[in-house]
Number of protein chains: 2
Amino acid sequence: MKPRSRSSQGRLLYAQSGGVTAVINATAAGVIEAARAQGVKVYAARNGILGALREDLIDTSKETASAIAALRHTPGGAFGSCRYKLKSLESHRAEYERLIDVLRAHDIRWFLYNGGNDSADTALKISQLGKAMGYDIRCIGVPKTVDNDLAVTDCCPGFGSVAKYTAVSTLEASLDVASMADTSTKVFILEVMGRHAGWIAAAAGLAGEGADAPPHIILFPERTFDEDAFLAKVKATVERVGWCTVVASEGIRNAAGQFLAEAGTRDAFGHAQLGGVAPVLAALVKEKLGYKYHWALPDYLQRSARHLASKTDAEQAYAVGRAAVDYAMAGQNAVMPVIERLADAPYRWKIRSAPLDKIANREKKLPSSYVTRDGFGITAAARRYLSPLIQGEAPLPYGKDGLPKYVQLKNIAVERKLAPFKT
Amino acid sequence: MKPRSRSSQGRLLYAQSGGVTAVINATAAGVIEAARAQGVKVYAARNGILGALREDLIDTSKETASAIAALRHTPGGAFGSCRYKLKSLESHRAEYERLIDVLRAHDIRWFLYNGGNDSADTALKISQLGKAMGYDIRCIGVPKTVDNDLAVTDCCPGFGSVAKYTAVSTLEASLDVASMADTSTKVFILEVMGRHAGWIAAAAGLAGEGADAPPHIILFPERTFDEDAFLAKVKATVERVGWCTVVASEGIRNAAGQFLAEAGTRDAFGHAQLGGVAPVLAALVKEKLGYKYHWALPDYLQRSARHLASKTDAEQAYAVGRAAVDYAMAGQNAVMPVIERLADAPYRWKIRSAPLDKIANREKKLPSSYVTRDGFGITAAARRYLSPLIQGEAPLPYGKDGLPKYVQLKNIAVERKLAPFKT
């Protein structure tokens, strides 16, 4: 039976927000496939919320089913994302009103905003303003962040894949270091993402278990960096094991609260832009202990490595996209599909609806019960939580050229109906 | 028919040398499996040539067939490697004589040295000294280097996998940058290995083709870094495409011949130890053009990423190991199994024997015909050469825990027969 067309009831707008992930496009695929099955046309905002403000919309109905299916294994943001936070409703009411104008002009009745806690806040405000302005819009937040720091949900789509990348890379690089330590590098430092929450750093701990297995030291942003304790543990590890692998979160701070690697610049959300704590630590090791070091900073490689995605993560990313459409069609508003854990081992999960106001602008840090007493490792509780999230592989199609077959959408623009708006 | 045992004819010693790769253990598997099939016992030197000098030998016959087979998909060096170059025969004759003593004490009649051009030189010297000292030893060099800079052979085992890692990572990170460029990072810089030869940097060029496809700029160590031309191309690319991906070899130098990222320290071979050209370039872009940047430096991750190995590379690494045993058993001496290309497309290759004195201490740089006229890209000839080397995937077994199933050998020591020797 062909699904009843709901196009007469309006269109659905989907937008990606903030840093992209290896699986955010799997969420897009979930949204578009679920909406198509319901006969609802999906527009996507080009470059996130900016596309909505600029009335720069993409008609996803121009894409083939196979192109949309290929989004499930294509990293990056297929429609573009942005770092642009809407200001408060009071000070920037014009921006919110413009959004409602664009939604109204294109008969958009459902707005799905795929991002982190800032985006959940924006979606919440739009849902409230729609009501105030007499425009019936359903806003659904869709979770996404490699930082895994959203409240309420058990985990965040995007995190499991960066966690797997980090654990596997830690293991592989440690095998390399172990081979060479007798005459070469003794200390290897891997810097990972995570401004305020040490979830990615913690995932590196899955690479090995036991005092002699890598990583020997994890530095979490939730713990103040203690130079003496760090150097003592590096020294003890090199003397006992022969080498030492350190995984450091970009966001670690000293006792004065300063980032060890403060770059001095800030992004559009006002967050400090970091990078480069690994060379700071390496220089410290060299100066104080005299060990030969190497360091790595995979940066965007870690969050775009779809070739090493977690199956669990890819499936959850797709599922939240589908669920968001279901909630929207069912008339829900100001909610987010979140992941609820039913069991650790074997891992079972389901998707449920949670109110955005419990999620917006909150930040879930690593629980202290997940960090060992010395502050340099993860506990059994952390392993129970993290391990299922990197389980399973999500194989890619590769071309004869040896490269993954990533899709490039046509991204055909919807005709504009309004005057330009200056953001 | 069971193969005739050759154990009465002596043993075979295998050693790994220099920086390890994602597939050097596949070569070890080829060596051990081919020797076992001939009834020859294989010892491995622990930590490369140092193990031979220290009489620290590993009896590989204590390992199961399945453990040896698992080496085909395990990165790092299973027996340990080292950065230790034997000095000249004239000045350090005692070291060479010690090697012959160890070989003699353990009835080692074949020595397979798995490394780059320094190791080919060592193998050549040992073969000559054996003759001079009246000890019948056959020395075979076995090629390995991510740098792809060995003479004679068409390519080097280890390179195809780092090439694939680099091309895929360039593609993936570029999809990320493209998504965000409107409001975030405009210039992304990936620093790759390659002290003097730009093979790895060139491989990044496989990520895309055409002026607008990433990488937009490749910086080769064979070309003098021209700051003005670089900045002009970054600017033009950002203005035309919206963003720009740069891949920089660690070994690029300025007009004065200085490394842009000279760390000031040197390894045991006297090579300058590099790292950190990416932040130098990023600071330049920020200062002169004002663009927001990100940079990545995967370091050991790139050469240990067995999870993304090239099938071509993994097969060649295994094949050179088997061929080395065949040559040794056939009585060849001072040779290396090299890869000969028979056709580009479809790619065909074979292994043949080449004399070590044509390989030792030489360095194959990127031909100038592989670099575009502006010095920032690769030519069609380079693509024809590079493309087959990243073709095919070499899937791994993963555990239920989501991690690759890498093998850890027992590495049981052979009993010593000689007095200690101070290296």
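Helices here are DSSP runs of H or I with at least four residues, and strands are runs of E with at least two, numbered from the N terminus. The model is predicted, so local features need pLDDT of at least 70 and side-chain atom pairs count only at pLDDT 80 or more, while totals for chains, interfaces and linings use all residues. Residues are numbered from 1 along each chain as its sequence is written, chains are lettered from A and ligands numbered from 1 in the order in which they are written, and side-chain values use heavy atoms, with hydrogens and water left out.

Just past the end of α1(B), G39(B) adopts a positive phi of about 75°. The helix itself is mostly covered, with eleven of its 14 residues buried (under 20% relative accessible area, 1.4 Å probe, protein chains only). Among the elements covering these residues are β1 (11-16), β4 (108-115) and α11 (311-329) of chain B.

Turning to the interface, 66 residues of chain A are in contact with 66 residues of chain B (heavy atoms within 4.5 Å). About 5300 Å² is buried between the two chains, 60% of it from carbon and sulfur atoms; this is the accessible area (1.4 Å probe) that two parts lose on being put together, summed over both. On the chain A side, E172(A), Y300(A) and L301(A) lose the most area to chain B, together 13% of what that side buries.

The rule finds four salt bridges across the interface of chain A and chain B (a side-chain nitrogen of Lys or Arg within 4 Å of a carboxyl oxygen of Asp or Glu). R54(B) and D182(A) pair up through their side chains in a salt bridge, at 2.9 Å from N to O.

Note on methods:
Buried means under 20% relative accessible area, exposed over 50%, partly exposed in between (1.4 Å probe, protein chains only).
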